[in-house]
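Keep the sequence and the 3D view side by side while reading. The text moves from one part of the chain to another and stops at a few residues in each.

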Amino acid sequence: MSTLALVSTATMLSIFYGQYRWLTADIVASSVEHHEESLAANFERRARARLDDVADNISMLENRDDVSVRRILERAISEYVDVVGLRFTRPNGSALISGTIAETPLDGYVLWSNQQLYMRYPVLQDGAEIGQLSSSFSTDLLIAESEAFEDQLVELGTQSKNVSFVWVGAATIFTLALCGFVIWIVARMQAQRIHALKVQAEKLSDSDYGEPLKVVHGDLLGDLAAVFNEMRNKLKRTTISRDYVDSVLSSMNEAIIVTEEDGKITRVNAATSRMLGYSDSELIGHHIDLLVDRKKRSALKPGSAVGVPREAFLIAKTGDQIPVSYTSSLINTNSDIRGHRIYAAQNISERHKAEQRIRYLARIDALTKVPNRMQFQHLLQRAIAKAKKNNRSVCLFYVDIDYFKDINDTFGHLAGDIALETVAERLGNSLPQDSVIGRLAGDEFAVILDQIEAGDEGREVMDKFANKILAGLAEPFNLQGNEVFMTASIGVAQYPIDAPNVIDLIRNADAALYQSKNAGGNVHTYYAPEMNEAAVDRLMTKSKLKRAFERDELLVHYQPKYNLQTGEVFGAEALVRWDLPERGIILPSDFIPIAEETNLIIDIGEWVLDRVCEDFRYWQRSVSSPGRVSVNLSLKQLRQANFISRINSILRGHEVSPTSLELEITESTLMENPERTINILNELYSLGLHLAIDDFGTGYSSLSALQQFPISTLKIDKSFVRDIAINPDDAVIVGTIIHMGQDLKMDVVAEGVETTAQLTHLQALNCTYVQGMLFGNPMSSDNYLELLLAQKEGTDKYKTLFA
């Protein structure tokens, strides 16, 4: 840059010097020329004045003789040093000359020639010309004066040039100094900016982002600073995002494991280390399959499209097997971690224990430790299926304690419980090891004996075990220090002779038991068709049900659901009733199973939904929000190919919002075909319909399995609610279901609430909603509307129960 300044300065000086010389020569020549013209004009005026003076002297002569005239001419030559010669010419052409006149102007009065001035001047007297004067003036003085003036100008120009060169030199030095200073300032600023870039780069290498660099636009360093600031901001955002993610992952309770495409672990969070007991360094670099217990479950699977959690067992550092619920997702970002997989696992050990406890309490009678009615029916179904496959028979003993009420009334319920425990124990001692004992209700027990031969030999075996049971139960036992005798009655039915299925087999055994009771007890009776007209009644019911549907004998009643916190009606469950003229109202439990068998359930289900929508629109004319109405849904309805469209058509036809309805589905219906069911339920959910699990606890599914369904409500079966106030085990079951349902963000409804004690226990367990006979019998559409209006007016008589 300094070299460029020097070159520029030299060029400027050269241009200045050339222009100066040209201007100086031009100015001098012009000045001399003007000066000479001025001198010539002055000289000419002076010469004319002198000729005028000589002419005046001649005109004043009285006698203009040659002598007088010559004397005037000579005197003028002597007085005026620049006059070289004079000639006076008379009108007659005679001339008198003094001095030397080389030439005479011909055409004018003035002639410059040969360094002399020649002039003619008229001599006048009284306005008349009396002659002419011709003169010759020397211009030596004029030339000398002009040359002196030119020399003076040249000298002044030289002095001015010298002064100018001094100033130019000084200005040049000043300019060079200024340029040098500016160059130094610019170089210093550039050095500082480069140093700032270097310092910022060193800070970035230590993850210190500092302040952004000052950007000076218009140069490369400014552009570099702008690019550097952008890189700093991106790194800062990336670091903040990374730190935020690290903080989130560290604070999560779920174990997070990140793996490469081949399953090699690249990252874990603190929850993973806490759950498995491994440090980060012990896990990173190892394959994730090493943490999975392959004996119990397969390797971890990729996530499904709907993000349904799966379950697996992980092996902790201590060797313990930890059950987990996990989800997996694929990283699809355009980066070097594309294709990596994230596993989020939650320890569900407590859930497993709770579910095992629920399954145990739901299937095993807490008092006698034998299967309850639900589990017993399931085991009986399995025994029948096995017998059918092997072409064998199954024997069912229905056992009832004779006069058990007397024991309760005499010694109290605690003594009654001891008696029931004794019955269960003696039944086990009286039967083969592979037999099944169950408690169906109260003092009613049942026994399954399979591999019984048909015919007389089988009858002998059954007689043997029946008598052994009766004999064992008849043994006295000590009760509160008293020796108590107890007998029992037994009804016997055999598959496939007496019944082809579980329900009929139990019903027929119960009919035989009734005969034993009528016989005085302590005997066993085999089932005979005449004992029970149920089969005939069943056939009659099928035909009457078909006619009932055609004759519009079906009714829909509504059982209100109350909010336990507010005491307000939250909605209702729609319950179908059959008004048979000769028998009155028939409950669903007596005709819905028949409808299921005859496929009438499909028509009944659609009819109920249509009637509910019709009633809902009727209520809306008086009450803006009648609440959410639940409608039961059967398995056969779900199996219909056009099920979704049929429901949608009914809703649109009545202009009822899908959010106003809730479909209730049993656990067994849900788990019959989970893959197809979940698709149907997702479609129903997308329409806006609410979905509920009905009679929860009576099936065999776990809450983990139910998570995959879009369920919003959990309804606790009334069999658990019935003894909640007196049976701690039932209270534990209900409390566990409520707690787990709320953890899964589900509403929980307790069914079958009949007493204030049950209501109080449910309030203590923070149950959300209740329904049952405590709030009256299921009611007609008009009565339900009256209830809603009474609630609106504050006159609902049941609200005091929640105070």
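Which side chain does the side chain of Glu-662 join in a polar contact? The partner is Arg-628, and the contact is 3.4 Å. This is a predicted model, and every value given here is computed from it. Glu-662 sits in strand E22, which covers residues 661-666. With a relative accessible area of 1%, Glu-662 is buried, because a residue under 20% is placed in that class. Leaving out residues up to four places away in sequence, Glu-662 touches Lys-561, Arg-628, Val-629, Ser-630, Val-631, His-690, Leu-691, Ala-692, Ser-712 and Thr-713.

Charged side chains come next. The structure holds 17 salt bridges. One of them joins Asp-66 and Arg-90, with 3.0 Å from N to O. Asp-66 belongs to helix H2 (residues 66-79), while Arg-90 is in the loop between strand E1 (83-89) and strand E2 (95-99), so this pair ties together parts that are 24 residues apart in sequence. Asp-66 is partly exposed at 38% relative accessible area, whereas Arg-90 is buried at 17%.

Another salt bridge links Glu-282 and Lys-317, whose closest N and O atoms are 2.9 Å apart. Here the two parts tied together are 35 residues apart in sequence, because Glu-282 lies in helix H6 (residues 280-283) and Lys-317 in the loop between strand E8 (310-315) and strand E9 (321-330). Glu-282 is partly exposed, with a relative accessible area of 31%. Lys-317 is also partly exposed, at 45%.

A further salt bridge is formed by the side chains of Lys-517 and Asp-400, at 2.3 Å from N to O. Lys-517 is in helix H12 (residues 502-518) and Asp-400 is in strand E11 (residues 393-401), so the bridge ties together parts that are 117 residues apart in sequence. Lys-517 is partly exposed at 30% relative accessibility, and Asp-400 is buried at 8%. Salt bridges can also be linked to one another: Glu-573, Glu-664, Lys-715 and Glu-751 make up such a network.

Now turn to helix H8, residues 373-390. How far apart are the end C-alpha atoms of H8? They are 25 Å apart, which agrees with the 26 Å that its 18 residues should span at 1.5 Å a residue. The buried residues of H8 are Met-374, Gln-375, Phe-376, Leu-379, Leu-380, Ala-383, Ile-384 and Ala-387. In an α-helix there are 3.6 residues a turn, so residues three or four places apart point the same way. The buried residues of H8 pack against helix H7 (349-363), E11, strand E12 (436-441), strand E13 (444-452), strand E16 (488-495) and H12.

Apart from neighbours within four places in sequence, Ala-383 is in contact with Val-394 and Ile-448. The C-alpha atoms of Ala-383 and Val-502 are separated by 9.7 Å, although the two residues are 119 residues apart along the chain. After H8 comes Asn-391, which has a positive phi near 60°.

Some other backbone angles deserve a look. Tyr-403 has a positive phi near 55° and is not a glycine. Tyr-403 lies in the loop between E11 and helix H9 (404-411), and at 59% relative accessibility it counts as exposed. Asp-126, likewise a residue other than glycine, has a positive phi near 55°. Its place is the loop between strand E4 (116-125) and strand E5 (128-138), where Asp-126 is exposed at 80% relative accessibility.

Which residues does a cis peptide bond join? Tyr-495 and Pro-496 are joined in this way, with omega about 0°. Pro-496 lies in the loop between E16 and H12.

The last stop is on the surface. Phe-174, Leu-178, Phe-181, Val-182, Trp-184 and Val-186 form a nonpolar patch there, and together they have about 610 Å² of accessible area. Val-182, one of these residues, is in helix H3 (residues 140-205). Is Val-182 buried or partly exposed? With a relative accessible area of 40%, Val-182 is partly exposed.

Technical notes:
Residues are numbered from 1 along each chain as its sequence is written. This is a predicted model: local features need pLDDT of at least 70, side-chain atom pairs count only at pLDDT 80 or more; totals for chains, interfaces and linings use all residues. Side-chain values use heavy atoms; hydrogens and water are left out. Helices (H or I, at least four residues) and strands (E, at least two) are DSSP runs, numbered from the N terminus. Buried means under 20% relative accessible area, exposed over 50%, partly exposed in between (1.4 Å probe, protein chains only). A polar contact is a pair of N or O atoms within 3.5 Å; within protein, one must be able to donate a hydrogen and the other to accept it, and residues adjacent in sequence count only if both atoms are side-chain atoms. Contact means heavy atoms within 4.5 Å. Patches are made of residues with over 30% relative accessible area and no salt bridge: like charges are joined within 9 Å, nonpolar side chains (Val, Leu, Ile, Met, Phe, Trp, Tyr) within 5 Å. Accessible areas come from the Shrake-Rupley method with a 1.4 Å probe; for residues, only the protein chains shown count as cover. A salt bridge is a side-chain nitrogen of Lys or Arg within 4 Å of a carboxyl oxygen of Asp or Glu. The expected span of a helix is 1.5 Å times one less than its number of residues.
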